[in-house]
Amino acid sequence: MRASLIIAAGGSGSRFENSLQVKQKFLSKLFYPLAGRPLIEHTIEAFQPVPQIKETVIAAPASALKLFKEMVRRNKWKNVSITPGGSTRAESVWKALQKIKSSSPFVLVHDGARPMITQEALQKLFKASRKHDLVLLAKKVTATIKEAEGKDLVQRTVSRDFLYEAETPQLMSRKLLEKAYKTVPHAFQATDESSLLEAAGVKSYMVTHSDWNPKITNYQDLKLVSAYLNASSLTRTGFGRDTHRLVAGRPLWLGGVLVPHDRGPLGHSDGDALLHAIIDAILGATGAGDIGDWFSDQDEHFKDISSSMMLAKILHDAKQKKYQVAHLDTVITLERPRLGDFKQKIKAHLAQLLELPFDAVSIKAKTAEGMGPEGAGLAITCEALVTLKKDLL
Ligand code: MG
């Protein structure tokens, strides 16, 4: 199953703007900050790990094209393109449909303003699409619904037994969608793709789910989602420091990378002072003791153990406790050799070990200007500051 994703992000956001108590103008409501990054980035990011999606086309407001293009570049997303939207949602989706390059037989359409879409709901949808040409996420209506005469006189209370609220994503055959646009009268007024295909006679199937997939329409919605995201994780910081004596003939391991030198750290393990500082920083943040508690230098079992293995064990424990490393900053104090290009190599290796983006790892190298044991080339000292996020839900 291969699908192209269309994100409808072309709306003006006028309802959103009107709901703001403090008048603050953004070129698109989708750029309002949510948990530290624009709302729309959460939406796009949610689809990045989905194996079925080969390509993403975002229909953006013509006035905000530059903003969207900059965002794609900044996040280094692959196969994501931007196209100007139209005056209605249906027109925007139509325009995006013309820009699809891949030959995927399915199209997945999603509202840019639904940042909370989960992998579970998405996979449920893909599974259902094996049997149907058109499937959409939906929720059973739980509110009491009134039908009014005029503006405010209740005519009747509608039975909600068979009422559902349509959500996105909606997943459908690309051919059928293209055909519906060409054959259904007033196609460009359709408020979602399923209603357009229904008008063309295609059977539409709902996939109900229990995840929270709100559409951010007004400022209050944004505040609610923001509170939910902020309340669902906790941040902790840990600090670690390690010094090793440097002696002739030992390999110089630093952050899991072998640095050519005639001296290396003396130690029970491989003596990787940088990894030891990082391990202590993680243990500091999780409140799980120190490296000596975990890997005693009295224990023959740990003789010459690779520090990368030690880190893997500590990370495993942190993950069990629902912690995830979010950022790492380090300082290496070493007189010789000059680390130069090795800094980038160590950074890339640590990013891989910690499952972090490259720019969430920092390596700083210093000399001690000839002072003290580090300055005399007799020791190496490393310091690490690590930020962990704990998932509370
Ligand atoms: Mg050590």
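This is a predicted model: local features need pLDDT of at least 70, side-chain atom pairs count only at pLDDT 80 or more; totals for chains, interfaces and linings use all residues.
Residues are numbered from 1 along each chain as its sequence is written. Local features need pLDDT of at least 70 and side-chain atom pairs 80 or more, while totals for chains, interfaces and linings use all residues, and side-chain values use heavy atoms, without hydrogens and water.

**Exercise 1. The metal site**

Task: Which residues are the protein donors of the magnesium ion, and how are they spaced in sequence?

Solution: 
- Start with the rule: donors are N, O and S atoms within 2.8 Å of the metal (3.2 Å for Na, K and Ca). Water is not among the atoms, so sites may look incomplete.
- Now name them: Asp 242 (OD), His 244 (NE2) and His 276 (ND1) lie 2.1 to 2.2 Å from the magnesium ion.
- Their spacing in sequence reads D-x1-H-x31-H.
- Check the cover: Asp 242 and His 244 are both buried. Buried means under 20% relative accessible area, exposed over 50%, partly exposed in between (1.4 Å probe, protein chains only).

**Exercise 2. Tyr 228**

Task: Is Tyr 228 buried, partly exposed or exposed?

Solution: 
- Locate Tyr 228: it sits in helix H8, residues 219-231. Helices (H or I, at least four residues) and strands (E, at least two) are DSSP runs, numbered from the N terminus.
- Read its relative accessibility: 37%.
- Tyr 228 is therefore partly exposed.

**Exercise 3. Aromatic pairs**

Task: How many aromatic pairs are there, and what is the geometry of Phe 31 with Phe 68?

Solution: 
- A pair of aromatic rings is described by the distance of the centres and the angle of the planes.
- Apply the cut-offs: rings of Phe, Tyr and Trp (its six-membered ring) pair if their centres lie within 6.5 Å. Planes under 30 degrees apart are stacked, over 60 edge-to-face, the rest tilted.
- The count comes to six aromatic pairs.
- Phe 31 and Phe 68 are one of these: 5.0 Å centre to centre, with 85 degrees between the planes, so edge-to-face.
- The pair links distant parts of the chain, 37 residues apart. Phe 31 is in the loop between helix H1 (14-18) and strand S2 (33-34), and Phe 68 is in helix H3 (residues 65-75).
- Phe 31 counts as buried because its relative accessibility is 8%. Phe 68 is buried too, at 0%.

**Exercise 4. A second pair**

Task: What kind of aromatic pair do Trp 94 and Tyr 181 form?

Solution: 
- Their centres are 5.0 Å apart, and the planes make 45 degrees, a tilted pair.
- Trp 94 is in helix H4 (residues 89-98) and Tyr 181 in helix H6 (residues 174-183), 87 residues apart.
- Tyr 181 counts as buried because its relative accessibility is 6%.
- Trp 94, Tyr 181 and Phe 188 form one aromatic cluster.
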